[in-house]
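Hello,

Here is the structure I promised to pass on to you. Have a look at it first, and then read on for what turned up in it.

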Amino acid sequence: MGQSERKVDIIIPVYNAFEDLKACTESVKKWTNLEKHRLIFIDDNSTDERIGGYLESLKQEHILVLRNRSNLGFSRNVNIGMKQSAANDVLLLNSDTVVTNHWLEKLAACAYSSRTTATVTPLSNNATLCSVPVFCRENTIPDGYSLDGYAQLVERCSRRIYPEIPVANGFCMYIKRAVIRRIGMFDAEAFEKGYGEENDFCFRAAAVGWKHVMCDDTYIFHSGTRSFDSLEKRKNMEKHEKILEARYPEQMQKVRVHCRDHPNAVVWENIRLWTILSGRRQRQVILYLLQADFREEAADHTGGTQLHVKDLTEGLRGQYDIVTVARNGACLNVTLYMEAKELAFVYAAGQNQQPEQLYSEPMAMLYRRILEAFCPCLVHIHHTKGMTLELFYEAEKRNIPIAVTIHDYHFLCPNEKLLDHTMRSCDACTNEAHCRICLKKRYGIDETVPYLSVWREAHEKALKKAQRIFVPSESARGIVLSRYGGVRDKIKVIEHGTEQVYAQRAVIKKQGRPFRVAFLGGISTAKGYRQAVAMIRKSSRNIHWYLFGSFECRQELLEKRRNFTNVGIYRREELPRLLKTYDIDLVCILSIWQETFCYTLSEAAGAGVPVLVTKIGALGERVRRMGCGWTVPVQSSAAQILARIEQIRGDPSDYEKKQKNARRARRLSVEEMCRMYEAEYQPYLSTSQCQNVPDIQTGEWLLEGLDSTGQGIRLLEAQNRLSEIENSYTYRLVRKIARLKLPFKSSIKTALRMVYRRIRK
């Protein structure tokens, strides 16, 4: 018999629960072909007088109503239904369920997808091993979805893998007639009142070679066993579980292992992923590309580019969905930042190659996938180191507007700091012979290869595809235009925003106390490491040196000096407090390359600490404009810089002036910066259409990214755990206590904040 010709007896045992019965019946009549299949109601002597009249009103062809004169119990009731046919398959359906579109056809298709399948159980909000979105929990339908809408989502995203489960769930259980012929019906003697009868049936079937599967494209609502009172239910559960343990110890252990290990978790993660993606508000998407991820678990997350993109992401995710695409070693991190949720995906991208690749078909394929998955309205490229130029071309093919921010000089030269092989500033060198020597020393590129001219041609071509180009300083703008004058009309200066944190400080220090000078951040050779170490070694005890961050190489001898304190790595938000705690008088920023902005300059000025910087790039430009410190030539020796510090120390009036200027200096806040970028984005976003739901193939690719590292899964699980906590009785009780006017109220709020932090991590 073909599947389309198979007939099914839908058996609904009835005992009270009138409103549930009505809802169930209406859904079955709505979504079932009752000209082909048969609906069998068996009333087990309900005490609710409404039941009888209602069932009588349903009688018609293909709807059979049977009524017991006495209460026979659930298992006998089901067996009566199974005996109504010798040929039809059977579907047991609790009266407290609500079925959805195509439910029976999908269950039958699942049942006959394998010759050895005995039973099929659909997904549900309340079906133990088949409960979604949280496994083995009683769930509610996710916010923003109706029952039918959620069922459609489950069907649309299903991978139809029909995973095996150790036991079916009797709330909605499709049984092949061949199985009933082989092993018989339910054991009504041992499991009269219900609970355990389907387990016993499934274990018997498994013992003779049949299997039980979950139909992962079908979702049916189950309100719960309201026909049982809680005490009777608990007694039945305890009694029948002992019977099952005695009869089937190995199978019962398999069920426990299944609950513990959750072997079919991919089905759950797929549904959760699609629930989030499909449930997103219709918001426009902005995609940011950068060379390293700013997430704390990433290998390189503290650079200026990362900080800037993190600020933009946090500042704009309230209005837009933000997608960040960034390298993390040999992987590509793709993160979707929604208003209150995050989803992280990880894909293999291969190791960075030297010399760096300008184009790569595998990277182009990754970008195509990303653009198809998230449909951004704007692509904003912040850095392409290790990322190729393919995103420019893939975005252009789809008519997606492109913006670029130039954070260093990677668009001009593979050495983004414009320092040659001797660590001297080459200032976008025009000496081609010198450049070829440098490229050979640094990257092993033979001098006969015109690598730099090819590089610049490719990057200029890419920049011309952008609608807007941003730089954080006038000096950076000048250097870019010295090479790429053709983008003059596209380029605009927007400073990076920083938090507006000011600290009140004394004007000048007491006589006899050492002058306190600090270095901030990761001090590499390009950041003045050699000068810093030489200054500390040569200085007198009149200066006490502090390192907030790290040196390029650890200096163990310096660590032993009484006038040097290594405070260590810090978080950006901690710096104002640290500068005040250690009472720092001066911050030295001695970069030997032409920085495009410099966050540490903003942070020092924001904390009211004057700075001494090299007179180069944005450092010199900004200090002159803000009047918050002093400059020294970039070629200055350690002795010359020390002499300048002594001059600063010896002129209290000038120091006071610079200190006041630092406190008063106008700096762009993060919020102001975000609003400026939003205004720049708006002309390109206003005509874009939102397409937030990917197709099935793209959804599969996203799921692979979630599964590959578990990072996205952890985020999803954290959201589920947070939801469970928020809905728990204990949490609600603590929240109520926290609102009371009690002496320990602040302690409770602190505890709640700690809970939230742990869950969100």
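**Aromatic pairs**

With a relative accessibility of 7%, Trp-701 counts as buried, where buried means under 20% relative accessible area, exposed over 50%, and partly exposed in between (1.4 Å probe, protein chains only). Before going further, please note that this is a predicted model, in which local features need pLDDT of at least 70 and side-chain atom pairs count only at pLDDT 80 or more, while totals for chains, interfaces and linings use all residues. Residues are numbered from 1 along each chain as its sequence is written, and side-chain values use heavy atoms, with hydrogens and water left out.

The partner of Trp-701 is Tyr-347: their ring centres are 4.0 Å apart and their planes lie at 0°, so this pair is stacked. For such pairs, the rings of Phe, Tyr and Trp (its six-membered ring) must have centres within 6.5 Å; planes under 30 degrees apart count as stacked, over 60 as edge-to-face and the rest as tilted. Tyr-347 belongs to strand β13 (residues 342–348) and Trp-701 to helix α25 (residues 696–709), so the pair ties together parts that are 354 residues apart in sequence. Helices (H or I, at least four residues) and strands (E, at least two) are DSSP runs, numbered from the N terminus. Tyr-347 is buried too, at 8% relative accessible area.

By this rule there are 25 aromatic pairs. One of them joins Tyr-150 and Tyr-219 edge-to-face, at 4.9 Å centre to centre with 85° between the planes. This pair also links distant parts of the chain, since Tyr-150 is in helix α5 (residues 147–157) and Tyr-219 in strand β9 (residues 211–222), 69 residues apart. Tyr-150 is buried, at 0% relative accessible area, and Tyr-219 is buried with a value of 0%. Elsewhere, ring pairs link Phe-519, Tyr-529, Trp-545, Phe-551 and Phe-564 into a cluster.

**Charges over rings**

The charged end of Arg-6 sits over the ring of Tyr-112, 3.8 Å from its centre. Lys-417 lies over the face of Trp-593, 5.4 Å from the ring centre. The rule here is that NZ of Lys or CZ of Arg is within 6 Å of the ring centre and within 35 degrees of the ring normal.

**The sheet around β13**

Strand β13 is also part of an open sheet of eight strands, in the order β13-β12-β11-β10-β14-β15-β16-β17, with mixed pairing. Two strands pair if DSSP finds at least two bridges between them. The edge strands, β13 and β17 (491–493), each pair on one side only. From one strand to the next, the twist averages 20°. Strand β12 (residues 331–337) and β13 run antiparallel and are joined by seven bridges; Cys-331 has Ala-348 of β13 as its bridge partner.

Eight of the 11 residues of helix α7 (residues 197–207) are buried, so α7 is largely enclosed by the rest of the structure. Among the buried residues are Glu-197, Asp-200 and Phe-203. After α7 comes Gly-209, whose phi is positive, near 105°.

Is Glu-457, by contrast, buried or exposed? Glu-457, in helix α15 (residues 451–464), counts as exposed, at 56% relative accessibility. Glu-457 and Leu-412 are 45 residues apart in sequence and 9.5 Å apart in space, C-alpha to C-alpha.

Best wishes

Notes: Axes fitted to C-alpha atoms, helices over the stretch in contact; angles between N-to-C directions.
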